[in-house]
Amino acid sequence: MSGREQILARIRDALGRGPLDAAGAATLAARLQAPSANRLPAASRGDRATLLRRFAAKVRRAEATLVPLETLAEVPQAVAQRFPQADAVRVAPHPDLASLAWPAAGLAASLGPARADDRLGVSRAYAAVAESGTLVLCSGPASPTTLNFLPDCHVVVVHAADVAGAYEAVWARLREQADSAAFLPRTVNWITGPSRTADIEQTLYLGIHGPRQLHVLLVGTGLVELLEEGG
Amino acid sequence: MDPTSHAFPANVERALADRSLQEALARTAAGFPKKRLEGIATLPEFELVRDQATAIREHVLDHLDWYLERFAAQVEAAGGTVHWCADAAAARAAVLNICQQAGARSVTKGKSMIGEEIAINDHLEAHGITPVETDLGEYIIQLRGEAPSHIVAPALHVSRPQVAAAFREHHLGLPRERPLETPRELLDEARAVLRDRFLAADVGITGANMLVAETGSTLIVTNEGNGDLTQTLPRVHVVLASIEKVVPTLEDASTLLRVLARSITGQEQTAYTTFSTGPRRADDPDGPEAFHVVLLDNGRSRLLGTPARAILRCIRCGACLGHCPVYGAVGGHAYGWVYSGPMGAALTPGLLGLPEAQHLAHASTLCGRCEAVCPVRIPIPAILRYWRGQSWTQGWPGGLPRLGLRAWAWLARRPRAYRRVTALTARLLRRGAGPALARLPGLAGWSATRDLPVSEGSTFLAQWQARRHDR
Amino acid sequence: MSGALPHVGLLVTCLVDLFRPSVGFASVRLLERAGCRVTVPPQQTCCGQPAFSQGADDAARAIARQVIETFADFDYVVLPSGSCAATLRRHYPELLADDPAWAARARQLAERTYELTSFLDEIVQLTDITTVRDAEFAYHDSCSGLRELGIRAQPRRLLELVDGLREVPLANPEGCCGFGGAFCVKYASIASRMAADKADQVDGSGAGLLLGGDLGCLLNLAGTLRRRGQPTEVRHVAELLADLTDLPGI
């Protein structure tokens, strides 16, 4: 008997039944085919302005920094301003980021997955979630996962239109946008703040293995005003 | 690791006398309850979400076979390989085989309780492969040759000077006079040393908080980023997971994730929650070329058919450890194996058997604080009572405690005999025979640290009868 | 309900019977003041909790059946102990769920069973408390009462009726005192640590009076405080409410 057969037999034995009958299996399969959200918290709901303000507040509460920008073109200057010591940046090969004016901001930009000694990496988020200030990054040709973890400092560009209220909306969007049943990439990262540990005497410190600093650039028309007036 | 749960009483004495451990436990005592309350405060719907999380886990247990098969099929559809391992030996063999096929010399590891359970590090080392723990707490105890003392904070018992000493001993090639005083200095050194190991590893092994049947995804919940470096940089990613970790959909995973971190660190989410599905795709610029999931049973399937079944809902948040007065007094090592605190007391008898683990089920006042804070409402006191019932049927405890309880139960069913015995006892206590009574075997434990109660000299029932006759 | 006055069967509990009869008398006084007719069935012995906690289910069931018989004819069954009341209310139905002859009777008993302070506060709404006591007190919330029966506000509401009393909080009010029945002798060193933590908290609170609703906890705490030379007066809440405090504290 293979390990698989052994384990399944033991489970069925313990549950006091054989394999599920066709009707039982069909019910479970239907549930998986049409996944639906369970209870969504109030924090995941609100109009655009409310969600964006909440997102910004939660990002900051998680010890990351956030700056609103009107357009993508402002990104290189915003990065240089936040990291004045940097002279090089490793950039995700995404059309939104690849052709930005990095040299004009004093940053020598190279594209691709992160290398061991990269000090500063820039990614573009697939989505973000307002209820907890979480960034969602999906692996892919334009989005190397190593950029999220190897560089000392990590900048993530998020479009305001991509900020959802709840995690569930992001799963729905991934399913919708996929052209096959396999809608998930190799890696989906939910990132909420920079790396941290409390393993030394139970005191919290930022920056252990992953990036020490996380900087979010939230891009959208009218955002600067929106986030300033809301506080 | 060879369990020492059977020696729990001796382990306890050692733990209570360990100054450094007691200081560490005192440091963390108030922290966990406070953080949980802060976490709950950010989710007004917490109890409702908790109810749903509980229902999801119970639903999966009812249909575990079907969900495991679906999960495995999806892993394979995504280009991964599933290894079904009935016991620890099979799991060790599977992991070793994967590493040998990959020609691995060094292996990085994210935190995995299953890895501890099957003692994978020793097995790899015995075959010339070097495993490197990368979670900072796990790394520290690996240097010190210790087992984890908490499922979320494995180095809870280690002080800062002890960490520095371990680094000085094992990080060769660094200047001897370098400062290693502040936590920042320690963290920066650990980051630099482990960075090299991450990059050199041929295989990365992680655990999994959940397995998603819908998509064949595994997920880890971390704060450091080590789990991600472990599973992204090497050529091969191996996930070690026990069979009960399955959840049906990504939405169900999201529900559980809303209550997990809140219950232990007070965060809404940890810094990194990572969903891994198969190996890298053809056009991915990074990621592992091979993805393996090692599923371990090791006695869990049998537990499904017992009153202890609900412990299989556990999502390894650690909240019960942080609220337990027994854990708070003795720490994790006293429990003698991989799983400690209330969840360890409930699970270990099922995995190791009662002769090894029965102390764990008995060393509890059944105060119920664990159940009160468990995000999936595991009825731990009821499960401990079940193990006690099993022990009792098998003759443990024996000797005087058994005799005493049986005598008490015998008397309790015979009111006249009962009243005679209690009347005599009340008189003796009054007459100062208390200290002598207290030296009766079994009762000496009371008098070591407590004065005996002073009796009124007669029982309530006797006094009540007397007053009734006076009227 | 039969007759004009609610008929209460009082189960004093084995610890009260043996170690602190005044708690039984205090309970009677309070129940009568609340307008109840109180009967103390003489065949009562123990609720069976020691057997239940140990997993000795056959013994626990035998005792449960006897208790059900003994207390069959009352409107209410009241106990001055959260853990014993929880044994009847929560655990008897579980123990006898598979016994067709007794399952319904266990449920019916459970429905009529109350811990003393919750009965006085919620069911009969006793307000006739005449005790006057100028003191700061700390209250120990016993685990069973707290978590199995939801008892926390009820004793405090009753104590508000005592002129001059003020509550001071303990640092960890929901922490176990370490009694746990056999636990305190079987795993004595852990239990002592837990009791010592509580004693430290009592010390730190500044309260001169420690009250609670479970005699097991109170014996444990009082014994510990006496050994440490702490002068805190320890009483069962019933004694204070009934103004039966001639006897020295526990």
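In this predicted model, chain B is divided into domain 1, which covers residues 42-298, and domain 2, which covers residues 399-470. The centres of domain 1 of chain B and domain 2 of chain B, taken over C-alpha atoms, are separated by 55 Å. Chain C is divided as well, into domain 1 (7-123) and domain 2 (132-241), and the C-alpha centres of domain 1 of chain C and domain 2 of chain C lie 22 Å apart.

**The two domains of chain C in contact**

- The contact between these domains takes 29 residues from domain 1 of chain C and 22 residues from domain 2 of chain C.
- On the side of domain 1 of chain C that touches domain 2 of chain C, the elements that give two or more residues are α1 (14-19), α2 (21-33), α3 (49-54), α5 and α7 of chain C.
- Sorted by class, that side of domain 1 of chain C has twelve nonpolar, eleven polar and six charged residues.

**The sheet β2-β1-β3-β4 of chain C**

- Four strands of chain C form an open sheet in the order β2-β1-β3-β4, and their pairing is parallel.
- The edge strands of this sheet are β2 (37-39) and β4 (113-115) of chain C, each of which pairs on one side only.
- Neighbouring strands of this sheet are turned against each other by 30° on average, with direction ignored.
- Strand β1 (residues 7-10) of chain C pairs with strand β3 (residues 76-79) of chain C in the parallel sense over three bridges, and the bridge partner of G9(C) in β3(C) is V77(C).
- Helix α5 (residues 82-95) of chain C packs on the sheet, where it touches β3 and β4 of chain C, and its direction makes about 160° with that of β4(C).
- Helix α7 (residues 116-123) of chain C also packs on the sheet and touches β3 and β4 of chain C, while its direction makes about 100° with that of β4(C).

**The sheet β6-β5-β7-β8 of chain C**

- An open sheet of four strands in chain C has the order β6-β5-β7-β8, again with parallel pairing.
- Why is one side of β6 and of β8 of chain C left without a neighbour in the sheet? Both β6 (163-167) and β8 (233-236) of chain C stand at the edges and have a single partner strand each, so one side of each has no neighbour there.
- On average, and with direction ignored, neighbouring strands of this sheet are turned by 35° against each other.
- Strand β7 (residues 209-212) of chain C runs parallel to β8(C) and is joined to β8(C) by four bridges, with L209(C) standing opposite E233(C) in β8(C).

**Where chain A meets chain B**

- In the contact between these chains, 63 residues of chain A meet 82 residues of chain B.
- The elements that give two or more residues to the side of chain A that touches chain B are α1 (3-15), α2 (22-33), α6 (167-177), β9 (187-191) and β10 (196-197) of chain A, and the largest share of that side, ten residues, comes from α1(A).
- By class, the side of chain A that touches chain B has 31 nonpolar, 22 polar and ten charged residues.
- Strand pairing also crosses between the chains, as β9(A) and strand β9 (residues 272-276) of chain B pair in the antiparallel sense over five bridges, and W190(A) stands opposite T273(B) in β9(B).

**Where chain B meets chain C**

- Here 50 residues of chain B are in contact with 51 residues of chain C.
- Among the elements that give two or more residues to the side of chain B that touches chain C are α1 (8-17), α20 (380-393), α21 (399-412) and α22 (415-430) of chain B.
- By class, this side of chain B has 27 nonpolar, 15 polar and eight charged residues.

**The nonpolar core**

- In soluble globular proteins, nonpolar side chains tend to be buried together.
- The largest nonpolar core has 299 residues, and those with the most contacts inside it are V136(A), V294(B) and I311(B).
- Helix α13 (residues 250-264) of chain B gives the most to this core, namely eight residues.
- Leaving aside residues up to four places away in sequence, V294(B) touches several others, including H83(B), C85(B), A91(B), V238(B) and L240(B).

**Chain A as a whole**

- The secondary structure of chain A comes to seven helices and twelve strands, and buried residues make up 48% of its 231 residues.

Notes:
Residues numbered from 1 in each chain as written. Chains lettered and ligands numbered in written order. Predicted model: local features only at pLDDT ≥ 70, side-chain atom pairs only at ≥ 80, totals over all residues. Contact = placed C-beta atoms within 7 Å. Nonpolar A, V, L, I, M, F, W, Y, C, P; charged D, E, K, R; others polar. Pairing = 2+ DSSP bridges. Axes fitted to C-alpha atoms, helices over the stretch in contact; angles between N-to-C directions. Core = buried A, V, L, I, M, F, W, Y, C linked by C-beta atoms within 7 Å. Buried ≥ 20, exposed ≤ 12 C-beta atoms within 10 Å, placed from the backbone. Domains from an automatic or database assignment.
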